[in-house]
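Dear colleague,

Please find below the structure that I am handing over to you. My findings follow directly after it.

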Amino acid sequence: MPPRSTSRREFLQATVVAGTLAGVPDLHTAGSDLLRVGLVGCGDRGTGAATQALAADPHIRLVAMADAFEDRLQQSLAHLKQDEKVGSKVDVAPDHRFVGFDACQKLLESGVDVVLLCTPPHFRPLHLRAAVQAGKHVFAEKPVAVDAPGVHSVLESCKPAKTKCLFIVSGVCLR
């Protein structure tokens with residue numbers, strides 16, 4: 001099979017997610033393509049991951065948020081909006097704030113390009129599978145799973161992601 005060419009948008013998506021993972025402070029690109037990011041899991045780690053992703057490139061906007069609990073989502077949103085560096089990149093309309101155990105699925109259907117999976121790790125294999133099925137690029141916080149069935153699920157989710165040319169990256173410890 002001949003090699004598939006990568007579009008600028010696909011390259012940017014992969015670079016931004018990988019750059020965020022690596023802690024690269026500022027990635028630049030020409031053009032005006034906007035990457036729409038959705039955050040699933042609005043605790044401290046999710047809020048931090050969203051801050052890092054938004055700081056990675058000027059063409060990124062946080063457009064959707066999901067959490068099981070309304071207060072966590074509202075606290076995260078307020079914190080992100082007040083951040084001097086990224087506050088202007090937070091554009092989460094009220095109808096793109098999803099609460100409850102089906103919040104992740106609603107976010108995936110909201111038109112985002114990249115999903116930040118930052119819930120407690122017990123949910124990550126299920127959310128990762130749903131994100132791949134929805135055709136989304138994924139940044140998944142560590143660990144990607146907490147048990148052998150979860151690891152197998154993640155590995156199985158990576159197979160269709162590869163055929164769909166979706167990027168999946170995971171957080172690592174940087175000390």
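In this predicted model, Cys104 has a relative accessible area of 6%; because that value is under 20%, the residue counts as buried. Cys104 belongs to helix 4, which covers residues 103-108. Leaving aside residues up to four places away in sequence, Cys104 touches Val40, Ala66 and His127. The C-alpha atoms of Cys104 and Asp67 are separated by 7.5 Å, although these two residues lie 37 residues apart along the chain.

Six strands make up an open sheet with parallel pairing, and their order is 3-2-1-4-5-6. Its edges are strand 3 (97-99) and strand 6 (168-170), each of which pairs on one side only. On average, neighbouring strands of this sheet are turned by 20 degrees against each other, with direction ignored.

Phe139 stands opposite Val169 of strand 6.

Helix 3 (residues 70-82) packs on the sheet. The strands touched by helix 3 are strand 1 (35-40), strand 2 (60-67) and strand 3. The direction of helix 3 makes about 160 degrees with that of strand 2.

With kind regards

Methods:
Residues are numbered from 1 along each chain as its sequence is written. This is a predicted model: local features need pLDDT of at least 70, side-chain atom pairs count only at pLDDT 80 or more; totals for chains, interfaces and linings use all residues. Side-chain values use heavy atoms; hydrogens and water are left out. Helices (H or I, at least four residues) and strands (E, at least two) are DSSP runs, numbered from the N terminus. Buried means under 20% relative accessible area, exposed over 50%, partly exposed in between (1.4 Å probe, protein chains only). Contact means heavy atoms within 4.5 Å. Two strands pair if DSSP finds at least two bridges between them. Axes are lines fitted to C-alpha atoms, for helices over the stretch in contact, and angles run from 0 to 180 degrees between N-to-C directions.
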